[in-house]
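Good morning, and thank you for joining this group meeting.

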Amino acid sequence: MADSMTFILNGKETVYSGSATARLLDVLRNEYNLTGVKCGCKEGECGACSVILDGRLVNSCMTAMGRVAGSGVVTIEGYRETERFKALDKAYASVSAVQCGFCIPGMVLASECILSKNAHPTEEEIREGISGNLCRCTGYNAIVKAIGIAAKEGDGLW
Amino acid sequence: MKEISKSVRKKDHASKMSGGAKYVADWSADGALYGRLVRSPYARARVLDIHLPEMPEGCFAVDRRDVSGENRVHIVMDDTPVYAGETVEYIGDPVLMVVGHDEKETARLAKAVKVDYEELPAILNIRDYETVFFDYNYGKGDAQKAFAEADKVYEEEFQTGYQEQAYLETQGMIAQYRDGKMTVHGSMQCPYYVHGAIAKALGFTPDKVRVMQDTTGGGFGGKEAYPSILACQTAVAAYKAGGKPVRVIYDRREDMEFTSKRHPSLCTYKVAVKDGKVIAMDIDILFNSGGFTTLSAVVLQRGIIAASGVYNIPNLNVRGRAVKTNTVPTGAYRGFGAPQTFFAVETVMNHIAKDLGVEPLEFKKNHMAKQGDATSTSGKYHFPVPLPDMIEEVEKASGYYAKREEYRKPQTGRYRRGIGISLWFHGAGFTGSGERDFIKAVVKLHKFADGKVEVLVSQTDIGQGIKTTLSKIVANELNVPLDKVFCENPDTDHVPDSGPTVASRSLMTVGELLRRAAIKLRGQWVDGEEQMVEEHFKEPDFIIPFYIEKFRGDAYPTYAWAVAAVELKVDTLTGVHEVVGAWGSFDVGTSIDLNIVVGQMEGGFLQGLGYSSMEQMDTDAKGRIRNNSYSDYIIPTSVDVPNLQVIMHEEEYPDGPYGAKGAGELPLVGVPAAYISAMEQALNGVNLYHAPFSTEDTMKALREVL
């Protein structure tokens, strides 16, 4: 009989009894139906599958389930319930930073990780912070601007 | 700023921002079967026999023998088979599809399929072509006489490489056959293209085929024709699947290696100069089509029409050929043939100016077309050509002249700088009379009793914001709040055929039809009643009819214009080049939503910078694409071009909605010429002839010039 493990998924204690070598990406999408986590390349290059693991941004395609035991995982489905998301939502909308949208869940979680480390990042720090998340549509300017706006308007949230 | 240009919250913002938008791969796979294509490992071979492994209960395979209609994908010419015929024509040519219960099982079965091939000689290099798919020729004036009278004749050859669309969402399709009807949904730009292709491949009447677009994670041309191929293959499998849905979602490597990309090109320019002016061009263009024609005819048409650039060249002879090689078929990518020829014409103009000792921008200014001048195809620039003002705008933002002068002086030290500028247009909408003769767009507005209005069109929102901009136009004419107007992902059972989402046509052409439909509805509006209005395409009156056999007349009703400068810093030790700044002025007429338009310009401009430098894709000695992942095919990240600035210039087009014209493709088209010009300056003024230009290319050039 397979052992099971426990982790915190979007704030809820979750028991997982599948393979420890399964990809977090596949498990989130297929077992927990968290399809906001996107699969862009499955080789750790594009960042579309980004989730927050114990406060750090990781590519869920490069994370084995065994690594997740006892940890906290936040996906866009959990994050969108927060006040911080609302600030980012407003900021992204104000500059129309969302085009095809495929990179966006990962990009939003990357934005959170930038701001949770540094509530008032410079433009350079913002660009560095999302440099692991590819976007083919926007040229990045609008996304960078949006994160800057969220930092300013959401003052105190981070 | 006009009221209509003021930015609004995008219609699709909330669903995408929250991760709730449903892309094709997000559909539940419960009860669905998985399909995987088995592809040719040879560039050219005869298919002798197929040996399937033992297939578990419920698993099966389909190949050309299962195609119930014609084994042809309807695109322009119908030469692309749904599944390979007697021969395979490129590495990756699909021979069959294996269908199984889950991804793992299907992959295992696909791997266990044995196909016997007899390898045949293949043509891999564009220079070795034997088959010419399309051969066009046009001209004006008397090029022969002009060359005879010239003071000097220049001849140069230019090359451009593949460019991969690299949309973040890979291709994917789901098909299901139930109650005599084939339903297909997935990632696509053109539901009615897919619809027509499936009906032909299955031999179904149009009413027995239904196509729906799922939220689509980027297209850039890559989802114009390719989804028709994948949809036919998937539908053939679904026809055999006993009512179960069959899903085929590409992984990144499969997508990069085997789906269409930009045509590599080889362009030879002969240019006659007399008294310091270009009096004639004789241009020969070769595009590498790959194994099948797909969209090459129309890509080539746009490429050759743009071959003399923004210049008024009185004597012109242009020949263009799209040739077959046994490599992956190339197709649509933002710009559609024009980036290749604009690179060549802008670069040859730079080289001639340098040889004549004239500042290139001044030289170009002396040749620029203006309103009323004849176009390359003896049509007319009916509307003002705003290039002089746009040059001023870019000069002001970039400091082009001063920098150009500064970097012209001998440079020493590890880092060298250069700045380049290029000028271009993008013909707005379909080439020639395509709208009138083939597309015949129809739009509808459906007003519900509660006053809400649905926009019924086949346009797909692939990120460019068309749901928002079309809704804005309708809300504006009806004078109702924007939230009363809505636009869903198209479903061919529900929307009329307003044409494909391509050619920078959607906003300009379909948007104008909707504006007129909205005026009609406004005139008939009855509170509390359900109403429907319809509007059909009508060609503007001023058009000089275009004859494609002769390439004569107005190829486009109007043009979007662009000027861009690129400044580079080159590290002579490592060959690494860094974009110090990129400045572009873009005229797409009235912006229907400023944020959306600026987003299009910024995104396209950055794709153009990638196409100029890091986006390298090539085939190996056997004809296989080597760069099939984001590790090997590098696209720009957020740190690569921190200083990218976009200026909007507005020259209104009276026949577009509120003065809007085509936008989406424009910002990419002429970027490589500016980049390479900057590179030439940084490399001691050497002449360069190809794009993209890699770090390795830089190292090679440095060995020669330093």
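Let me begin with a question: where is the place of B:Asn684 in chain B? B:Asn684 sits in the loop between helix H17 (671-682) and E24. Helices here are DSSP runs of H or I with at least four residues, strands are runs of E with at least two, and both are numbered from the N terminus.

A word on conventions. This is a predicted model, in which local features need pLDDT of at least 70 and side-chain atom pairs count only at pLDDT 80 or more, while totals for chains, interfaces and linings use all residues. Residues are numbered from 1 along each chain as its sequence is written, chains are lettered from A and ligands numbered from 1 in the order in which they are written, and side-chain values use heavy atoms, with hydrogens and water left out.

To return to B:Asn684, its phi is near 60°, a positive value in a residue other than glycine. B:Asn684 counts as partly exposed because its relative accessibility is 44%; buried means under 20% relative accessible area, exposed over 50%, and partly exposed in between, with a 1.4 Å probe and protein chains only.

B:Asp179 is likewise not a glycine, and has a positive phi of about 50°. B:Asp179 lies in the loop between strand E9 (172-178) and strand E10 (181-186) of chain B. Its relative accessibility is 81%, so B:Asp179 counts as exposed.

Another backbone feature is the cis peptide bond between B:Ala691 and B:Pro692, with omega about -5°. B:Pro692 belongs to the loop between strand E24 (690-691) and helix H18 (695-705).

I turn now to chain A. Chain A holds seven helices and five strands, in the order β-β-α-β-β-α-β-α-α-α-α-α from the N terminus. Of its 158 residues, 56% are buried. The C-alpha trace spans about 50 × 30 × 25 Å along its principal axes.

Finally, how many residues does each chain bring to the contact? Chain B contributes 51 residues and chain A contributes 43, where contact means heavy atoms within 4.5 Å. Together the two chains bury about 3700 Å², with 53% of it on carbon and sulfur atoms; buried area is the accessible area (1.4 Å probe) that two parts lose on being put together, summed over both. Of the area that chain B buries against chain A, B:Met17, B:Leu168 and B:Ser638 supply 21%, more than any other three residues.
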